[in-house]
Amino acid sequence: MAKQQSYDVVSDFIDFLNASPTAFHAVDEAKKRLKSAGFQQLSERELWDLQPGHKYFFTRNHSTVVAFAVGKKYVAGNGFYIIGAHTDSPCLKLKPVSKVVKGGILEVGVQIYGGGLWHTWFDRDLTVAGRVIVREENAGSVSYSHHLVRIEEPIMRIPTLAIHLDRTVSSDGFKFNNETHLIPILATSLKGELNKLSSENGPVENGNQTDGNKAIDKTGTTNTKHHLLLLQLLASKLGCEPDDIYDFELQACDTQPSTVGGAAREFIFSGRLDNLCMSFCSLKALIDATSSESSLEEETGVRMVALFDHEEVGSASAQGAGSPVMLNAVTRVTNTFGTNPNLLEKAAQRSYLVSADMAHALHPNYMEKHEANHQPKLHGGLVIKNNANQRYATNAVTSFYFREIATKHNLPVQDFVVRNDMSCGSTIGPILASGVGIRTVDVGAPQLSMHSIREICAVDDVKYSYEHFKAFYQEFSHLDGKMVVDI
């Protein structure tokens with residue numbers, strides 16, 4: 001039974017990954033799952049009418065989502081039990097003017113987003129996905145809306161230089177310039193021009209060519225910032241005309257689907273495991289921990305998940321963890337149920353945040369990169385991250401809570417600190433801990449190839465993460481009452 005449950009969780013995760021090529025798509029998939037589970041969508045632009053025992057969510061920029069369930073015994077000033085993760089991953093985003101032509105080749109100008117292992121993007125079958133701002137006209141009235149788009153077919157590729165033209169690559173390593181070499185090719189100028197002529201002249205019907213001017217109205221465009229061929233592909237997917245595309249936020253995406261692999265089928269091979277793995281596990285945990293009618297009967301707090309955009313570039317945006325989006329949610333819930341101005345500070349001190357971001361598993365070919373006593377293993381369960389310089393927000397109290405839940409449910413847990421001779425990364429944990437004043441533990445499932453276009457994690461760790469997060473939601477309010485630090 002346990003093995004079947006593990007398979008079901010992993011299969012569900014694979015579906016989530018394959019539906020989420022961008023942060024926009026990840027939030028859209030989260031919305032579908034939340035609505036299906038009975039969560040009511042709220043708007044930050046409107047007043048909220050909240051009730052104990054009910055479940056809600058809202059999105060910001062369609063790339064950040066916050067969902068929460070109010071306990072039936074909740075009163076204003078009680079705590080929020082939150083898991084925070086992020087929806088974005090390192091990628092190549094299309095430039096505002098992406099049209100590049102060099103050497104008879106149509107290329108797509110991109111800018112690097114985050115700290116990716118960019119050499120892994122060469123010689124991959126790529127496509128584009130993201131959101132598009134579309135002009136819509138109905139009965140003489142013009143409006144604009146954003147639509148998600150994804151072209152499934154491989155339409156781009158970043159080719160490496162042949163070894164015959166780079167004789168030192170084997171001895172000196174693969175070296176490239178991010179601006180001049182990391183540019184996907186879309187088509188040859190010849191084929192692009194033929195496609196343009198075909199569009200202008202129109203299709204041939206019954207042996208007769210249609211009116212060229214009419215064809216321009218249907219498939220041409222006045223947009224000179226991007227290749228007509230790319231705009232036509234987007235317009236075809238969106239069911240609009242190229243000239244109706246007013247702007248977009250698109251990124252290059254790998255077309256290879258996520259899958260379970262390995263000789264023992266123990267691994268997940270995929271892009272964006274950092275950090276869609278933690279986003280999925282926390283989201284599913286909240287949904288399943290609030291699924292039955294009795295789930296919130298004895299709950300005195302608010303169970304919440306917050307999935308932020310822009311973690312990979314510092315979180316300093318209106319929808320990043322550095323924004324007040326999570327604090328806004330906590331404030332609005334607290335103020336809905338009480339009017340005392342001191343209740344928010346009280347609630348913050350009674351709350352607890354699990355900052356969930358993927359961790360570095362021990363690499364068998366680079367074992368010297370890990371500190372000798374802190375070597376997280378695949379299949380070893382969630383990793384509690386520690387850093388004396390507060391690159392992670394974990395302390396003895398916050399880690400105790402998380403370990404205690406693991407012990408009660410017989411779940412494995414691991415520890416990580418970075419070597420003293422290496423720099424340490426960071427997460428949303430210190431940002432939220434310092435900004436909100438909330439107790440925080442930094443954790444993550446172990447993985448290899450972090451920030452590669454294709455990463456690796458273990459199927460067991462997906463199951464362990466989900467179960468650990470679910471138990472956290474179900475039990476933290478009871479566990480918190482057993483320890484008092486500041487009295």
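This is a predicted model: local features need pLDDT of at least 70, side-chain atom pairs count only at pLDDT 80 or more; totals for chains, interfaces and linings use all residues.

User: Is Phe-176 buried, partly exposed or exposed?

Analyst: The relative accessibility of Phe-176 is 25%, so the residue counts as partly exposed.

User: How should I read a pair of aromatic rings?

Analyst: Two values describe such a pair: the distance of the ring centres and the angle of the planes. The whole structure holds 21 aromatic pairs. One of them is formed by Phe-13 and Phe-280, with ring centres 5.2 Å apart and planes at 35°, so this pair is tilted.

User: Where do Phe-13 and Phe-280 lie in the chain?

Analyst: Phe-13 is in helix α1 (residues 2-18) and Phe-280 is in helix α7; the pair thus links distant parts of the chain, 267 residues apart. Phe-13 and Phe-280 are both buried. A second example is Phe-472 with Phe-476, whose ring centres are 5.5 Å apart and whose planes stand at 50°, so that pair is tilted as well.

User: How many residues separate Phe-472 and Phe-476, and which helix holds them?

Analyst: Both lie in helix α12, four residues apart, about one turn of the helix. Phe-472 has 0% relative accessibility and therefore counts as buried. Phe-476, at 0% relative accessibility, is likewise classed as buried. Ring pairs also join Phe-472 and Phe-476 to Tyr-81, Tyr-352, Phe-400, Tyr-401 and Tyr-473 in a cluster.

User: How is the packing of two helices read?

Analyst: One considers the axes, the handedness and the residues in contact. Helix α10 (residues 396-408) packs against α12 at an angle of about 115°, the axes being 10 Å apart. This angle makes α10 roughly perpendicular to α12. The crossing of the two is right-handed.

User: Which residues of α10 and α12 meet?

Analyst: From α10 come Tyr-401, Phe-402, Glu-404, Ile-405, Ala-406 and Lys-408; from α12 come His-468, Phe-469, Ala-471, Phe-472, Glu-475, Phe-476, Leu-479 and Asp-480. This contact comprises nine nonpolar, one polar and four charged residues.

User: At what angle do the axes of α7 and α12 cross?

Analyst: Helix α7 (residues 273-289) and helix α12 (residues 459-480) cross at roughly 45°, and their axes come within 8 Å. The two helices are therefore oblique to each other. The α7 and α12 crossing is right-handed. On the α7 side the contact includes Cys-277, Met-278 and Cys-281, and on the α12 side it includes Val-462, Phe-469 and Tyr-473. By class, the residues of this contact are 10 nonpolar, three polar and three charged.

User: Which backbone features deserve a separate look?

Analyst: Most residues other than glycine have a negative phi, and most peptide bonds are trans. Here a cis peptide bond joins Asp-274 and Asn-275, with omega about 15°. Asn-275 is placed in helix α7. His-62, which is not a glycine, has a positive phi of about 60°.

User: Where is His-62 placed, and is it buried or exposed?

Analyst: His-62 is in the loop between β2 (55-60) and β3 (64-70). Its relative accessible area is 11%, so His-62 is buried. Arg-272 has a positive phi too, near 65°. Arg-272 is found in the loop between β14 (267-270) and α7.

Note on methods: Residues are numbered from 1 along each chain as its sequence is written. Side-chain values use heavy atoms; hydrogens and water are left out. Axes are lines fitted to C-alpha atoms, for helices over the stretch in contact, and angles run from 0 to 180 degrees between N-to-C directions. Angles under 35 degrees count as roughly parallel, over 145 as roughly antiparallel, 65 to 115 as roughly perpendicular and the rest as oblique. A crossing is left-handed if the near helix is turned anticlockwise from the far one by less than a right angle, and right-handed if clockwise. Contact means heavy atoms within 4.5 Å. Ala, Val, Leu, Ile, Met, Phe, Trp, Tyr, Cys and Pro count as nonpolar, Asp, Glu, Lys and Arg as charged, and the others, Gly among them, as polar. Rings of Phe, Tyr and Trp (its six-membered ring) pair if their centres lie within 6.5 Å; planes under 30 degrees apart count as stacked, over 60 as edge-to-face and the rest as tilted. Buried means under 20% relative accessible area, exposed over 50%, partly exposed in between (1.4 Å probe, protein chains only).
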